[in-house]
Amino acid sequence: MTEQGTGASGPHKELLTSVERFGLLVIDEKQDRVPVFPFITSHAAQVLGVPLREYVTDGATMARAQLVAQDRYGHDFISIFSEVGIVAEALGSEFEFPEHDLPMLRRPKWSELVEPDSRVVDPSKDGRLHVYLEAIRYAYEARGDRVPVLVYIPAPFTTAQHLVGTETFLLGLMLDPDRVHRLLQYATESVIAFSRAVINAGGLPMLVDPLASGSVISPDQYQGFALPYEREVIDYWHRYDLDVILHICGDTAGIIEAMPETHADLISVDRVDLGDVVSKVGRKVRIVGNFDTSEIWLSEPEAIERETERMVMENRDCPMGFVASTGCEVPLATPAENVAAFVRAAQRAGSNPDYGRRRK
Amino acid sequence: MIAGVWQDPPAQRITFDEWARLFERVPTDLLDRYHYYRRDQEERDGLRPWSAYMFPPQTFAIYGCRHLMRLKYDNSLAALRLWGFVQNETERLFRARQLGRKVIATMGDLGAVPVIVNSFPGLVAFYPDCIWWMPFVMESNVLLDAAAELGIGDAACFSRAALGAFAKHAYFPDPELAIASTGVSCDDFSGVEQLAERFATEVLWVESPMRRETLNCYHCAGAKERTFDSQTEYDPGTLRFLVKEYERVLVRLERFAGYTITEQELRNGVRKANRVRRLTKLLRELAYGDGVLPAVEMMMVEFGCLHHYSDIDEWPEVLEHLLATAETRAARRERVVAEDALRVVWITPPADPLFLCYLEDQGARVVGTEYVINQSLEILDENKPPLEAVAESFMAASLTGSTRQRVASAIHQARRYDAEGVIVSGILGGSHCAMESRLIAEYIKAELDLPVLEFDVPPHGKEISRQIRTRIDAFLEMLTERR
Amino acid sequence: MFKVGIDVGSINTKVAIRDTDTGETVAIHVRPTGYKPRATAHAAYEACLQEAEIERSRAGRLVATGYARHAVDFAHASITEIKAAALGIRHWHPECRAIIDIGGQDSKVVVLDESGRVSDFKMNDRCAAGTGNFLAVLAEKLQVPLERFGPLALRSRKPVAISSLCVVMAESEILSLVAADTPVEDIIAGLHEALARRIANMMAPLDVRPQVVFTGGVAQNKGMQLAMESALGQRIHIAKMPLFAAAVGAALS
């Protein structure tokens, strides 16, 4: 493996590496600039020019694509992620793998809400968990001293839906809540088992729970069925003192005040008013957000720069800290100059000219 | 899992992966029991406490310390605590500043000035010098590149990493005062200190004098004294000079802290430092004598005498914990290395901890060390005026006398623990080390008739170079045949 | 019964097979190590067995040595090339008390006690300076095959002084010597002297007594023998089968 390029330094040389910058953020210290975190996931496959099927089934390819993309854009995290069904697949749900699209759920493990078996995933063998582990090790060996290797782990709530299918699961919330809880507990054990292997390989886990979004369930259902299991996983990660990002896509306006109860250290939001989020929970947690993913895909670079700058200027002084990110994954076909415009603008607007100046 | 109940498994050195499995079994409430800056923590409300530190190597690996994946570790709870505490120091120093403590960089003298600084309430001393192992632990050029940009490149000792850390402002808070020792100290590091001057609000320079051997000192007319602990001979005139320097430090610290320190507070400071040094002595005795703790953990213990990893209250607790573990093991005759392991004294073991692990993997163990920090291991004389006690401990410093004197402690250890060989490793670029090694080897051969292995430590890497492994292997083969 | 020694060096892999009944070395084999030491070691072993017409099942204990000894996963044991060289050289030169071994990647001096055990050793540091590689790189520069170095050096009347042992610096020194029409044999003899000086410096702190035996790939170079003798001021014996000393030593261990 060759030593990779300048990495965190990106197109121009910066004082801090991404690891150093993130390290300062999580101990409540000012950074040289706001960390910049577009969710560059499968878009990296396009940067490297490999089919998606290869990207999601071959760890070395995933890592190489991530490293090349990080070299090109100079953002602050490597993202190891295929899709949110990864743990459900390892537990027995079937997925298909189109050559040029992300894996899709073909058949859930169970077609109805049953009593779960006692299985817990074996990360070295089951499904494609090894693909993640291989990608983490590769990226970590290449760049782990400078850029955090962030691994998107699907939360138990999202995993459970991929075990029985969305419709069955959502009906179950109302008809058989006890059984749903047992299924969630079952999913939690495997999510934790997988994350243990991720941590041991050098990956920093981030919890993603897209199906717990306000666009899918009610705030009460979130509090009753999603949050407790998010917290269980996060508490486990806190045994390792990891600084945890919790990401929930879509509309989270109704649950934003409950989200810190998961014990997450950073909360990442999508289609909500960022100012509102900052004012409601910005004193308790660090905020990660939320450039519109359709905009980054479809707008012109100049407009993206303008909008990014506005977003960063408005939120960079968020009390506990701010990370400039996209609301969700950067769409696959996003033009490279758009991503570059976002990163460039966020770095510029988020820079802290007082960093390192002597304090009087 | 029963809350809070923990029994160490039988003593063993284990891998990174094995620690992950062991860590699963440690009860969470046990992890929450230990905190740095303990007293400040109690005043916080509701929020997740930030001062826990009981975390496994995995935590620090994720935040960039890649080398940790390749080491072996002691498998006790006390060792977990040790690693977590030591690795947590960057965070701790920033928290110190956030709590309103004043962070002071002490540099170059390795052990003396922090005794004075830590006697003041609200002041925290640390050594930027200790950053020197980060390039090894991270397997990274990040800090060395930053130092090179400021003018210190490959030709200098790895301690240049400290300059990179100053420039980045991300490894410790910018010190509000730096107390830099120079004179008889490492030449390369004096260079680092000069370049680092721009990053501290103020620098107070302290001159460390050469400890004249009374034997050939023409102006001290045969007067001689010996240090309280190691009985190192010194010239009283030199001691008086250093006391004057420390008086200057004291005046500056009082002005800086806006606080007049009492004689009693200084005496307490000496006592606190002594507690750490005594614990370290006991641990060395058990580890090097009975083989109950691995060499890497002992390296961290010894370096703790320098500035107590920025927490004068918690560090001795960590040591007590280790000592209890070591004593239990000694009583049960448990060891982390084979009973018949080859016994080796190591002079200036490398900053790369992998070397110490390798030696143990090959069936040898360390029974003595000389890290150029003798002064910080020296017990202070509590009956002397405090500044004099500190100055006297510095008279035993490794770097302030002749090579022959430096070697004396290694020879003493080699005899005490019946060493079968001595390793002398020099630091590539370290100006004194590179030239001193051969001399050290000669003195040792003359005094002890033990085989000596010398080599220079190469820059950081994922593994030890084959050439150096061959040397260590051949050396151990040689020791085995001598038995 | 037979015993086998495999010495996987940085440049060549050497195999020696000994008949333990007769005490004779019955077969030797050498081939370039290349980038796959494990595969090379295996192939060299098989080839040596074949040449000696020995079935694998009769081959007996196999000991690996050399730079890549750990790659020989089919070995029963491994020892360092220092110990192996000591065993091999003492076998043929029972009076030997010091070994100078200049190989491709490193050079070493091994001191033996009266009974032939290793009592001290030194290896060169850091870079190609002081190794066979120093000569190999400069041979290319001079466009003279390495095997011609010995005979040419012996013809030199006035060896030039090469001041630097750094390959890069020596290269530029040589360029200016070539430009000044210095005879190539004088340059080569100068290179030998420079290398010999380096080895002599390395030996200075050691207690070296006769007999001194010169081994390793560079020992095949007669010019180097001469240079070493004048740098050390004592007679240097060339090892019997210098390339195979460590392999034979491993087979003896």
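These legends walk through some close-up views of a predicted three-chain model.

Residues are numbered from 1 along each chain as its sequence is written, while chains are lettered from A and ligands numbered from 1 in the order in which they are written. Since the model is predicted, local features need pLDDT of at least 70 and side-chain atom pairs count only at pLDDT 80 or more, whereas totals for chains, interfaces and linings use all residues.

**View 1. Chain A on its own.**
Let's start with chain A, which has 14 helices and ten strands. (Helices are DSSP runs of H or I with at least four residues, strands are runs of E with at least two, and both are numbered from the N terminus.) Its C-alpha atoms fill a box of roughly 60 × 45 × 40 Å along the principal axes. For 360 residues, a compact globule would have a radius of gyration near 21 Å, and the 19 Å of chain A agrees with that. (This radius is taken over C-alpha atoms, and the globule rule is 2.2 Å times the number of residues to the power 0.38.) Buried residues make up 59% of the 360 in chain A. (Buried means that 20 or more other C-beta atoms lie within 10 Å of the residue's own; with 12 or fewer it is exposed, and in between it is partly exposed, with C-beta atoms placed from the backbone.)

**View 2. Chain B on its own.**
Next up is chain B, with 21 helices and twelve strands. Its C-alpha atoms take up a box of roughly 65 × 55 × 45 Å along the principal axes. A compact globule of 483 residues would have a radius of gyration near 23 Å, and chain B agrees, at 22 Å. Of those 483 residues, 57% are buried. Now look at contacts in chain B with a separation of 6 or more: 73% of them are between residues 24 or more positions apart. (Two residues are in contact if their C-beta atoms, placed from the backbone, lie within 7 Å.)

**View 3. An open sheet in chain B.**
Here four strands of chain B line up in the order S10-S9-S11-S12, with parallel pairing. (Strands pair if DSSP finds at least two bridges between them.) S10 (364-370) and S12 (452-457) of chain B stand at the edges with a single partner strand each, so one side of each has no neighbour in the sheet. From one strand to the next, the twist averages 25 degrees. Inside the sheet, S9 (residues 342-347) and S11 (residues 421-427) of chain B are joined in the parallel sense by four bridges, and B:Val344 has B:Gly421 in S11(B) as its bridge partner. Helix H16 (residues 354-361) of chain B packs on the sheet, touching S9 and S10 of chain B, and its direction makes about 140 degrees with that of S10(B). Helix H19 (residues 403-416) of chain B packs there too, touching S9, S10 and S11 of chain B, at about 145 degrees to the direction of S10(B). (Axes are lines fitted to C-alpha atoms, for helices over the stretch in contact, and angles run from 0 to 180 degrees between N-to-C directions.)

**View 4. Two helices crossing in chain B.**
Helices H9 (residues 142-149) and H10 (residues 161-168) of chain B pack with their axes 7 Å apart, at an angle of about 85 degrees. That makes H9(B) and H10(B) roughly perpendicular. (Roughly perpendicular covers 65 to 115 degrees; under 35 is roughly parallel, over 145 roughly antiparallel and the rest oblique.) In H9(B), B:Leu143, B:Leu144, B:Ala146 and B:Ala147 take part, meeting residues of H10(B) that include B:Ala161 and B:Leu163. This contact involves eight nonpolar residues, one polar and one charged. (Ala, Val, Leu, Ile, Met, Phe, Trp, Tyr, Cys and Pro count as nonpolar; Asp, Glu, Lys and Arg as charged; the others, Gly among them, as polar.)

**View 5. Where chains B and C touch.**
This contact takes 14 residues from chain B and 15 from chain C. On the chain B side, H20 (431-448) and H21 (466-482) are the elements that give two or more residues, and H21(B) gives the most, with nine. That side of chain B divides into four nonpolar, two polar and eight charged residues.

**View 6. A covered strand in chain C.**
All five residues of strand S6 (residues 98-102) of chain C are buried. One face carries C:Ala98, C:Ile100 and C:Ile102, and the other carries C:Ile99 and C:Asp101. S6(C) runs antiparallel to S7 (residues 107-112) of chain C, with five bridges joining them, and the two form a hairpin with four residues between them. Across this pair, C:Asp101 stands opposite C:Lys108. S6(C) also pairs in the parallel sense with S9 (residues 212-215) of chain C, over four bridges, where C:Ile100 stands opposite C:Phe214.
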